[in-house]
Amino acid sequence: MNVAQTSPAAPSTTHSTKWWARQMLNKVPEVTLYFWLIKILCTTVGETFADNLNENLGLGLSGTSYVMSAVLIVALFFQFRVRRYIPGIYWLAVVLISVVGTLITDNLVEQGVTLEATTIGFALALIGVFAVWYAVERTLSVHTIYTFRREAFYWLAILFTFALGTA
């Protein structure tokens, strides 16, 4: 047996290859302090942008919702097509999903649904997404977002998180 095989300090070729492959294939950024700072900024931009479009462009709440949902679908189309994390595409999708999440809640409130009801509804929806995601995938790890299905669960959870945050 050679020293590299027995030494705990020597990195395993298989381990380092798996780590590199996971980093290259993972579709989301590492969750760090910078991740949370950027996400908070995206949330603020999303909330402000949704309100600005709704009030200043004359599209109304429904028109703004349709336009922004269509733009989000295009951004998610590109996000799902890429094979690795690309910051510009990823963060554009986050900003747009924050706008759409805000608009979903705003539309419900405009239709007479109370904020308490939307809060409970989106909390239950988010719990449901996590429960089904775990039941199907046996993981909720953001370090393993490299299949279409896991990414779909991820973005659905993000959407309900933003809608819940607005509620």
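How do the residues of the lining of the largest pocket divide into nonpolar, polar and charged?

Tutor: This is a predicted model, in which local features need pLDDT of at least 70 and side-chain atom pairs count only at pLDDT 80 or more, while totals for chains, interfaces and linings use all residues. Residues are numbered from 1 along each chain as its sequence is written, and side-chain values use heavy atoms, with hydrogens and water left out.

The lining of the largest pocket divides into 12 nonpolar residues, 1 polar and 1 charged. Here Ala, Val, Leu, Ile, Met, Phe, Trp, Tyr, Cys and Pro count as nonpolar, Asp, Glu, Lys and Arg as charged, and the others, Gly among them, as polar. A pocket is an open set of points on a 1 Å grid over the protein atoms alone, where a 1.4 Å probe fits, with protein on both sides within 12 Å along at least five of seven lines; lining residues have an atom within 4 Å of a point. The space in the largest pocket is about 240 Å³, a volume being the space filled by probe spheres set on the points, which are joined across faces, edges and corners. Of its 14 lining residues, Trp36, Lys39, Val142, Tyr154 and Ile158 are the closest to the centre.

The protein has 7 helices and 0 strands; helices (H or I, at least four residues) and strands (E, at least two) are DSSP runs, numbered from the N terminus. At least two lining residues of the largest pocket come from each of α3 (33-56), α6 (115-137) and α7 (148-166), and α7 gives the largest share, 4 residues.

The second largest pocket holds about 160 Å³ of space. It is lined by 10 residues, of which Lys27, Val82, Arg83, Tyr146 and Thr147 are the closest to its centre. Both α4 (60-81) and α7 supply at least two residues of this lining, which divides into 5 nonpolar, 1 polar and 4 charged.

Leucine 37 lies in helix α3 and counts as partly exposed because its relative accessible area is 43%, where buried means under 20%, exposed over 50% and partly exposed in between (1.4 Å probe, protein chains only). Arginine 138, in the loop between α6 and α7, has a positive phi of about 65 degrees although it is not a glycine. Most residues other than glycine have a negative phi. Arginine 138 is exposed, as its relative accessible area is 55%.
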